[in-house]
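User: Could you take one part of this model and look at it closely, then work outwards to whatever surrounds it? Please spell out your cut-offs as you go.

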Amino acid sequence: MDSIVTHAPDFFSDTKPGSTKLISRSLWNRILSFFCVGLSLLTLIPLVSIVYLVLKNGLPLLKWSVFTELPPAAGMVGGGFGNAVLGTLVMVGLGLVISAPIGILSAIYINEYAPSSRLAQAVRIVAKLLTGIPSIICGVFAFAVVVATTGAFSAYAGGVALAVLMLPTILLTSEQALLGVQHAFREASYGLGATKFQTIVRIVLPDALPAIMTGIMLAVARAAGETAPLIFTALFSQFWAKSLSEPTASLSVLIYNFSTVPFPHQVQMAWTASLVLVAFVTLANITAQLVFSKKH
Amino acid sequence: MTETSARSVDAKHVSPGRPDFLTVRNFDFFYGKKQALFDITMDIPEKRVTALIGPSGCGKSTLLRNFNRMNELIDGIRHSGDIRLLGQSIFDKTVEVIALRRSVGMVFQKSNPFPKSIYENVVYGLRIGGESKKSVLDEAVERSLRGAALWDEAKDRLHESALGLSGGQMQRLCIARAIANRPKVLLMDEPCSALDPIATVKVEELIHELKQEFTIIIVTHNMQQATRCSDKTAFFYLGKLIEFAETQKIFSNPVQKQTEDYITGRFG
């Protein structure tokens with residue numbers, strides 16, 4: 001009884017009686033919180049300044065005609081980059097058409113059919129290694145496989161390069177998505193007499209789909225912005241592509257080309273193209289987030 | 001597997017069913033090198049409730065999961081001996097495991113409805129069996145939900161997500177989903193262990209109803225539950241079947257010392 005009374009005044013103090021600490025625990029707490037907030041704000045600086053610069057320099061030339069007209073010749077004004085927008089969409093689409101089925105089906109194999117097999121382990125390791133490979137290597141690969149054999153720069157070659165770039169992202173996020181499906185759902189399905197195929201198609205894939213879509217959108221967002229794999233696969237073109245087997249313009253290569261020329265109009269157009277590209281990538285990311293959060 | 005209409009008529013009115021409906025003979029089971037079941041021999045009677053009890057790790061769930069060959073989802077398992085349903089070995093090469101699992105339904109410890117509507121949960125077994133006629137599916141939904149005592153609560157929200165149900169309702173939905181397949185045997189792996197007492201009573205009453213139609217095998221940790229809802233009880237210990245008899249006899253007058261120790265709470 002005595003002790004309760006004597007310690008009562010200390011009850012709400014955050015230092016023990018007789019403590020020699022100069023800084024109390026709650027002060028430490030405030031200092032650390034301050035640091036975290038400060039550093040978080042610091043990370044916003046590059047992001048915000050990129051968006052600011054792109055908007056400031058890109059907006060003046062942004063009008064509908066940039067999506068419909070061809071790039072201006074050197075020293076000329078006006079024009080747009082419709083062929084580059086189309087080229088980026090086509091090549092990212094091609095890359096997706098190649099990489100998504102391979103990535104998703106491989107993920108199904110290594111997660112559902114033979115998770116502990118040698119092949120599955122090899123696929124996992126290779127996919128992880130691929131994520132770390134510089135994108136220019138994907139370009140070199142596509143150059144060797146497509147450009148060198150067909151003898152021409154083409155949208156196909158660009159698509160293959162982007163597919164190699166996207167494949168590991170799609171495969172690994174799909175595997176995570178499948179891993180995230182509760183084992184209890186699979187058990188219930190098997191318990192009701194479903195085959196493995198039925199279980200995967202009716203239960204596992206629908207449940208994993210939002211997360212797989214997120215992976216695909218992230219891969220698309222990354223691929224759309226890449227320049228290196230396209231420079232020596234699709235090259236560039238001043239004109240509308242007539243087929244998939246000829247050199248094709250892309251936003252990223254256009255930005256690269258136009259930002260290094262001495263003509264102010266072209267440089268400004270590179271800013272506008274950057275704005276379009278950033279908007280496209282942001283849109284893809286936001287879509288991915290929305291689709292994913294709707295489910296979870 | 002032949003089912004004569006004469007027997008099912010019999011079962012409804014007079015006979016409690018075949019005493020050797022499901023038979024286990026000299027059954028050994030291994031996970032890799034570890035032996036989980038030792039020389040199990042028992043006859044499970046038709047349209048009765050058989051409880052499998054025993055301390056954790058005694059093999060009761062392993063045995064249960066052999067009746068529908070769910071253990072085959074695990075790598076490195078093997079068995080010797082035999083399990084027969086209506087005289088037919090369930091391990092026979094001519095038996096398709098997907099067909100076996102339709103006639104030996106299972107309800108899991110943690111209710112696991114699919115993230116689909118109540119309706120789609122119930123008809124899942126029929127759909128994967130190739131049934132798509134709406135009249136058949138509708139009929140199965142009503143019959144199964146009535147059978148699982150869930151119809152009144154669910155009939156106005158059949159197309160809402162099953163994940164909006166309460167824990168007890170979810171478990172009864174899982175029972176409805178299992179009986180929609182019209183199984184011969186219903187396996188229940190601690191079906192009430194995640195439920196509150198009121199939901200538990202409902203499921204136990206349901207088990208009592210269901211044995212009119214199905215042969216039920218239930219694994220339980222709860223000895224009161226075994227006494228309340230089972231006709232026969234099998235006590236397992238360290239992978240061996242120690243004693244198997246009428247529930248009343250097991251709990252009032254067990255033959256084996258280990259059984260007595262377990263049911264009186266001296267170990268386990």
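Analyst: **A covered strand in chain B**

Let's start with side chains: from β3(B), B:Val49, B:Ala51 and B:Ile53 point one way while B:Thr50 and B:Leu52 point the other, and all are buried. Buried here means 20 or more other C-beta atoms within 10 Å of the residue's own; exposed means 12 or fewer, partly exposed is in between, and C-beta atoms are placed from the backbone. This is a predicted model, in which local features need pLDDT of at least 70 and side-chain atom pairs count only at pLDDT 80 or more, while totals for chains, interfaces and linings use all residues. Residues are numbered from 1 along each chain as its sequence is written, and chains are lettered from A and ligands numbered from 1 in the order in which they are written.

The strand covers residues 49-53 of chain B, and five of its five residues are buried, so "mostly covered" is the label. Strands are DSSP runs of E with at least two residues, helices are runs of H or I with at least four, and both are numbered from the N terminus.

Who are its partners? Pairing takes at least two DSSP bridges between two strands. β3(B) pairs in the parallel sense with β8 (residues 215-219) over four bridges, and there B:Val49 stands opposite B:Ile216. β3(B) also pairs in the parallel sense with β9 (residues 232-237), again over four bridges, with B:Thr50 opposite B:Lys232.

Another strand of chain B reads much like this one. In β6 (residues 104-107), B:Val104 and B:Met106 point one way, B:Gly105 and B:Val107 the other, and all are buried. Four bridges join β6(B) to β7 (residues 185-189), and the two run parallel. The bridge partner of B:Val107 in β7(B) is B:Met188.

Most residues other than glycine have a negative phi. B:Glu190 counts as buried, with 20 C-beta neighbours inside 10 Å. B:Asn26, in strand β1 (residues 22-31) of chain B, also has a positive phi, of about 45°, without being a glycine. B:Asn26 is exposed, though, with 11 other C-beta atoms within 10 Å.

Now for the neighbour. Two residues are in contact if their C-beta atoms, placed from the backbone, lie within 7 Å. By that rule the contact takes 19 residues from chain B and 14 from chain A. On the chain B side, α3 (97-103) and α4 (118-128) each supply at least two residues, and α3(B) gives the most, with four. By class, that side has 10 nonpolar, five polar and four charged residues. Ala, Val, Leu, Ile, Met, Phe, Trp, Tyr, Cys and Pro count as nonpolar, Asp, Glu, Lys and Arg as charged, and the others, Gly among them, as polar.

Chain A itself has 11 helices and zero strands. Its radius of gyration, taken over C-alpha atoms, is 27 Å, well over the 19 Å that the globule rule (2.2 Å times the number of residues to the power 0.38) gives for 296 residues, so chain A is more spread out than a compact globule. The C-alpha trace of chain A spans about 95 × 60 × 30 Å along its principal axes, and buried residues make up 36% of the 296.
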